[in-house]
Amino acid sequence: MTSRLLEPLAAALLAAGPGYLPERASSVAESVDRVFGFIFWLSLFFLALILALTALFVVRYRARPGRTEPEPSPSHHSRLELLWSGIPLALVMVVFAVSTVAWLGMIEPEAGKDPLRVQVTGRKWSWWFDHPGGQGAAELHLVAGRPTELVLASTDVIHSLYLPDFRLKQDAVPGRFTRMAFTPILAGTFPIYCAEYCGTDHSRMTASAVVHPDQASYDAWARQGAAEALSLLDLGRKVAAAKGCLACHSLDGAPRVGPSFKGLWGREEKLADGTSVRVDENYLRESVLKPGAKVVAGFANVMPPVPLEEREMQGFIAFLQTLGNAP
Amino acid sequence: MTTAAAGTAQGPAAESYLHHGRGLRSWLFTVDHKRIGIMYLALIAAALFLGGVFAMVLRMNLWWHGGGLVSNDAYNKLFTLHGAVMVFLFVIPGIPAALGNFVLPLQLGAKDVAFPRVNLLSFWLYSLGSALFVAVLVVGGVDTGWTLYPPYSLEGARGLGILLALAALFVVGFSSILTGLNFIATIHTMRPPGMGWFGLPLFLWALYATGIIQIVATPVLGITAAMGFLERLFHLGLFMPEYGGDPVLFQHFFWFYSHPAVYIMILPAMGIVSEVVSVFSRKPIFGYRFIAMSSIAIAVIGFFVWGHHMFVSGQSKWASLVFSFLTMLVAVPSAIKTFNWLATMYKGAIVLKTPMIYVLSFFAIFGIGGLTGLFLGSLATDIPLHDTYFVVAHFHFVMVGSVLTAFLAGLHYWWPKMTGRMYGETTGRLSALLVLVGFNVTFIPQFFAGVAGMPRRYATYAAVFQTNNRVSTVGSFILAAGLCLAVGGLLASLARGRRAPANPWGAASLEWSAASPPSHHNFDRTPTAGDPYDFSGLRLVSEEAGYVRAAGEAP
């Protein structure tokens with residue numbers, strides 16, 4: 001009963017207050033805006049309270065002829081003070097809870113099947129998006145309603161991929177991968193900014209997110225004008241051969257000096273020290289650059305470090321992903 | 001003998017500290033806390049001016065969405081130096097080093113701080129650090145942002161500027177540590193007879209809490225600067241991925257200092273507000289113990305919230321959860337203080353002189369600054385708002401608006417004590433109004449720009465944000481006019497101001513029982529402290545003679 005009354009009220013408040021918010025173009029935007037609306041009205045109430053009491057007291061208790069002395073009033077009141085300690089404490093805990101619940105939905109990987117997985121590379125001062133199927137572009141292409149996973153890397157300094165209409169932001173840090181998962185829900189073109197200061201043209205490090213209304217539209221884009229440059233996947237395949245990886249890591253599942261690449265991606269690997277690790281981007285990067293850090297059980301620690309360029313590393317990982325997940 | 005009588009007895013006859021010794025050497029080598037405070041005030045005002053000029057150029061460049069006044073590189077250097085100069089040379093040392101140095105021993109009825117020579121060393125270190133910042137300018141500036149995030153800040157191409165800047169931070173940090181150490185030692189050992197811990201003026205509780213942060217957090221700034229310095233020169237592999245380091249590690253180090261540093265800025269400001277609101281409401285401060293303890297609570301909890309600057313950095317999920325939770329907790333002591341200040345005004349006899357008008361501005365500005373912090377401490381809303389103009393607006397409300405209004409409140413409040421002159425009340429009030437209006441016109445549009453998605457540190461920006469930016473630029477001129485008027489009014493009073501009585505405001509803390517300006521030794525004999533917020537026996541004799549404690553009343 002109360003919720004039936006409160007919900008439209010909450011919706012109305014949400015719409016009325018932050019009417020200046022950008023479009024809600026992703027699956028997480030609405031929950032973020034709910035939290036925003038809640039904090040907005042809570043803050044506005046307390047700000048109004050502080051200003052109103054200030055104004056009221058100044059007007060009523062202003063010193064003037066006939067009022068040169070204060071009226072007697074207590075110099076402390078423990079119960080009252082505990083009350084105005086307790087109420088803010090309770091309210092900020094509610095803010096924390098509401099916000100954290102929404103946030104967990106923003107950072108957990110999308111449950112959706114068949115995510116569109118895009119490798120994002122930040123570099124001074126542009127973004128580069130490697131789409132599945134080898135299509136590289138300076139624009140991010142997505143499909144409305146299709147779960148999306150972005151894996152971010154940087155070739156030089158820290159950048160931050162910021163999509164205001166999606167209410168999402170994630171730093172791209174050199175030397176590691178970071179990720180974001182969401183589902184675009186509105187077709188259209190949305191701005192992308194760099195939000196972490198990165199030098200001369202930081203403010204011009206912009207791009208667009210093009211959200212296609214359906215998969216067919218996306219496919220049509222992906223087919224046209226195949227990238228001139230070597231695609232990420234082809235680069236990865238070439239790297240695996242050229243750097244000698246395939247001498248020790250087979251592609252057919254047979255273990256040689258090292259584990260086979262087939263089915264490696266996403267597998268839970270038992271390590272020589274008894275722990276286990278999931279084969280993901282960061283594990284692969286570590287194993288390529290510092291092979292001795294996490295050696296798979298049953299194999300000797302003999303692999304030399306293989307320094308790769310950032311894009312080679314991304315390509316190599318893209319290549320491994322095509323070799324299938326664990327059975 | 002009553003303290004007030006002591007004040008009048010030593011009044012104009014005693015030689016003031018301003019005339020105790022003449023010439024530049026008598027200032028540069030003084031160990032008198034009052035002169036050191038005045039010298040700090042001069043340098044800090046210069047830093048405010050320099051940082052302010054940078055800010056005005058930035059705001060003018062942002063008049064056009066395509067920029068155009070200066071190049072992108074010049075813009076980047078300007079906002080870096082604006083931030084560094086304002087933070088390290090104005091806001092952090094502002095209240096403690098300038099006003100704190102002058103007032104703290106006087107409020108304790110003492111002759112000086114516990115370690116007067118260390119105090120002078122602290123001032124010299126601050127001067128040396130400031131000189132190094134100027135040297136950074138001379139060698140062409142740095143464009144790293146005041147946050148100095150690697151890898152960008154430590155890239156091989158960067159020249160001498162970054163090394164000088166890191167050295168400057170190291171040196172200025174020691175100045176801050178020594179000041180905090182001195183204040184804590186002084187409060188511990190030099191309280192006068194009759195003053196227990198809960199008889200301290202609240203400004204001193206605030207400086208004590210500030211001192212804790214200065215001593216514990218600032219060494220980490222020094223360590224971080226030293227590590228950055230060594231990484232740049234010797235490629236140790238601390239922060240730079242290309243040498244095997246971790247750039248996010250730097251962010252942890254940096255914010256471990258720089259978040260508590262926000263409390264180094266705001267706690268003394270809160271201390272001033274507590275003094276002024278009580279004196280100008282003619283009523284004891286409401287809930288002394290809650291206010292005192294909330295300063296300590298802020299100082300302690302403030303150490304454990306640094307990770308809220310890193311919610312999108314790639315730090316672990318659990319770290320983000322814990323930092324968000326603790327950030328929410330730190331809001332509570334500020335709420336307590338705010339309500340206690342309001343309760344102090346309740347049923348008072350509120351005198352609307354310049355310091356009080358600045359304090360009323362503080363309520364509005366700190367209210368907005370504090371409440372908008374909720375959006376940034378909570379995880380879901382911080383993700384889109386992080387590193388946008390919303391953050392710029394929020395921290396300017398807290399670090400600049402709140403600290404600046406409290407600083408100006410304190411400066412006008414203690415100006416008669418420092419200089420022996422009364423400032424012009426009309427000019428003072430007008431400046432307070434201009435600052436309030438100018439500040440809000442400057443920074444409120446930035447909240448809207450940030451929510452709409454304008455990232456910070458942008459020399460150029462999308463055309464949709466141009467209106468916000470133009471309003472903001474107009475506001476910055478009003479703010480600058482207000483500040484010029486405030487400074488002009490104060491300086492004019494040095495020549496034309498009425499002579500100040502020992503106690504012009506009817507305050508009860510001990511500094512008002514010394515002469516205005518005090519003698520070199522502050523007090524002829526150690527005064528006995530009473531309740532710093534008991535105004536009941538104070539009677540206004542005349543504007544010229546100020547307040548005097550009526551005979552027979554307890555001091």
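What follows is a chat about a predicted model with chains A and B.

Trainee: Before we start, what should I know about the model and its numbering?
Mentor: It's a predicted model, where local features need pLDDT of at least 70, side-chain atom pairs count only at pLDDT 80 or more, and totals for chains, interfaces and linings use all residues. Residues are numbered from 1 along each chain as its sequence is written, while chains are lettered from A and ligands numbered from 1 in the order in which they are written.

Trainee: Okay, what's the strand order in the open sheet of chain A?
Mentor: The five strands run β4-β10-β9-β6-β7, with mixed pairing. Helices (H or I, at least four residues) and strands (E, at least two) are DSSP runs, numbered from the N terminus. Two strands pair if DSSP finds at least two bridges between them.

Trainee: And which strands stand at the edges?
Mentor: β4 (140-143) and β7 (168-172) of chain A; each has a single partner strand, so one side of each is left without a neighbour in the sheet.

Trainee: How do β4(A) and β10(A) pair, parallel or antiparallel?
Mentor: Parallel, over four bridges, with β10 covering residues 207-212 of chain A. In that pair, H141(A) stands opposite V210(A).

Trainee: New topic: how many residues of chain A are in contact with chain B?
Mentor: 72 residues of chain A, and they meet 72 residues of chain B. Contact means that the C-beta atoms, placed from the backbone, lie within 7 Å.

Trainee: Which elements of chain A supply that side?
Mentor: α2 (29-61), α3 (78-107), β6 (159-163), β7 and β9 (188-194) each supply at least two residues.

Trainee: What about the largest nonpolar core?
Mentor: That core has 247 residues, and among those with the most contacts inside it are M265(B) and V273(B). A nonpolar core is a set of buried Ala, Val, Leu, Ile, Met, Phe, Trp, Tyr and Cys residues joined through C-beta atoms within 7 Å. Buried means 20 or more other C-beta atoms within 10 Å of a residue's own, exposed means 12 or fewer, and partly exposed is in between, with C-beta atoms placed from the backbone. Helix α4 (residues 72-107) of chain B gives the most to this core, with 21 residues.

Trainee: What does V273(B) touch?
Mentor: Not counting residues up to four places away in sequence, V273(B) touches W341(B), V359(B), F362(B) and A406(B).

Trainee: Last one: is P384(B) buried or exposed?
Mentor: Buried, with 31 other C-beta atoms within 10 Å. P384(B) lies in helix α12 (residues 379-385) of chain B. Leaving aside neighbours within four places in sequence, its contacts include V32(A) and L168(A).

Terms used: Two residues are in contact if their C-beta atoms, placed from the backbone, lie within 7 Å.
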